[in-house]
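Visitor: I am new to this structure and would like a guided look at it. Could we go through it piece by piece?

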Amino acid sequence: MSAGARVVEVFENSRPRLEAVAYRLLGSASDAEDAVQDTFLRWHAADHEFVETPEAWLTKVLTNICLNQLTSARVRREAYVGQWLPEPIFAGDRMFGPADTVEQRESVSIAMLTLMERLSAKERVVYVLREAFGYAHSEIAEILDLTESNCYQIYRRAKQHVAGDRTRVEVDSATARKIVEEFLAAALSGKTDSLVRLLSDDVVNAGDGGGVFFSLPEPITGALRVARFLRRLFESTVEKRAMIGGRADLYSAVVNGVPGLVIMVGDRIVVVITLEVTTHGIVAVHTQANPSKLERATRHWAAFEHADPLLKGW
């Protein structure tokens, strides 16, 4: 194997991990892909003779690229039309990354990615590398050029900002389908009470239309308010079909580790709704309808098998 081919092989072996790190740091699949590609270009141009540990070198470079992107992303999101939500990814996408522990699975949920928007850039890096990838504080400190004690303080502060006190329901594809079926039946029933029974008292509903589709300017909270909104959202009308481009087929899926409702028109995903479920019921409903944030999901959907639709021609 030539030296050039070896350089590429080392990077490609690390690519899935780098993509998973970048997605958690940026909440955007497209931005994560760009960050990983920039990392590859720097790796390709590096003097590899002086790189003792490629994995550490690549992680440090990627992290610094993401830190710069996070700074500019905050400026863009301040001018974003409506609510901003992360891009959804399906089970099996390599950006999902490690999922052996509760912390790793939690780190990729839409709810957690949204919560992490509260963190400073360094807090987010420390939290992600520690919680999702098990890096030691000494390793993270070296990546960020911090002292180990400073790194630990940042981690504690970040964890306090995103701490929760409720236990999520672990799901596989069968469990997700059952939950989505029940949710869909309640949403299509036209009865607010049917939805209220599925929701926690303090449920939060948020949606991202990217300025293309209508979305509320702020999240709404409370079982009754969210149920009324969802009931209206699922009323099938000519106007809604025109807005999404025609009659839709509705599927269940595991999205960012939680039950998801996938709405498709033809071979294109037009909406993804994720349901954050705990022992208290559905605690968060996140709706992603920004077309630019559904491109990767549409490609992934076409590349893998999936179950039959829950509803055709809605």
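This is a predicted model: local features need pLDDT of at least 70, side-chain atom pairs count only at pLDDT 80 or more; totals for chains, interfaces and linings use all residues.

Visitor: Which residue forms a salt bridge with Glu123?

Guide: Arg157 does, and the closest N and O atoms are 2.8 Å apart. A salt bridge here is a side-chain nitrogen of Lys or Arg within 4 Å of a carboxyl oxygen of Asp or Glu. This pair links distant parts of the chain, with Arg157 in helix α8 and Glu123 in helix α6, 34 residues apart. Helices (H or I, at least four residues) and strands (E, at least two) are DSSP runs numbered from the N terminus.

Visitor: Is Arg157 buried, exposed or partly exposed?

Guide: Arg157 is partly exposed, at a relative accessible area of 39%.

Visitor: How many salt bridges does the count come to?

Guide: The count by this rule is 14 salt bridges. In one of them, the side chains of Arg94 and Glu19 meet at 2.8 Å, N to O. Arg94 lies in the loop between α3 and α4 (102-106) and Glu19 in helix α1, so this pair ties together parts that are 75 residues apart in sequence. Glu19 is buried, with a relative accessible area of 4%, whereas Arg94 is partly exposed at 43%.

Visitor: And what about Asp249?

Guide: Asp249 forms a salt bridge with Lys312, and their closest N and O atoms are 3.4 Å apart. Since Asp249 lies in strand β3 and Lys312 in the segment after α13, the pair ties together parts that are 63 residues apart in sequence. Asp249 counts as buried at 18% relative accessibility, while Lys312 counts as exposed at 59%.

Visitor: Which residues do salt bridges that share partners join into one network?

Guide: That network consists of Glu19, Glu33, Asp93, Arg94, Arg296 and Arg299.

Visitor: Changing topic, how many residues does the largest nonpolar core have?

Guide: It has 51 residues, and those with the most contacts inside it are Tyr23, Leu62, Met116, Tyr127 and Leu144. A nonpolar core is a set of buried Ala, Val, Leu, Ile, Met, Phe, Trp, Tyr and Cys residues joined through side-chain atoms within 4.5 Å.

Visitor: Which helix gives the most to this core?

Guide: Helix α1 does, with 10 residues. Apart from this core lies another, of 37 residues, including Leu184, Leu195, Phe229 and Leu261.

Visitor: Where does Phe229 sit, then?

Guide: Phe229 is in helix α11 (residues 223-233), where Ala223, Val226, Ala227, Phe229 and Leu230 are buried. These residues are on the same side of α11 because they cover an arc of only 165 degrees around the axis, the arc being that of the directions from the helix axis to the C-beta atoms. Elements covering them include α9 (173-188), α10 (192-196), β1, β2 (220-221) and β6.

Visitor: Is β6 mostly covered or mostly open?

Guide: Strand β6 (residues 281-288) is mostly covered, with 8 of its 8 residues buried. Strand β1 (residues 199-208) runs parallel to β6 and is joined to it by 6 bridges; strands pair if DSSP finds at least two bridges between them. Strand β5 (residues 268-278) pairs with β6 in the antiparallel sense over 7 bridges, and β5 and β6 form a hairpin with 2 residues between them.

Visitor: What stands opposite Val285 on each side?

Guide: In β6, Val285 is the bridge partner of Asn205, and Leu275 stands opposite Val285.

Visitor: How many aromatic pairs are counted?

Guide: There are 6 aromatic pairs by the rule used: rings of Phe, Tyr and Trp (its six-membered ring) pair if their centres lie within 6.5 Å, and planes under 30 degrees apart count as stacked, over 60 as edge-to-face and the rest as tilted. Phe11 and Phe40 form an edge-to-face pair, 5.0 Å centre to centre with 65 degrees between the planes. Both Phe11 and Phe40 are buried.

Terms used: Residues are numbered from 1 along each chain as its sequence is written. Side-chain values use heavy atoms; hydrogens and water are left out. Buried means under 20% relative accessible area, exposed over 50%, partly exposed in between (1.4 Å probe, protein chains only). Contact means heavy atoms within 4.5 Å.
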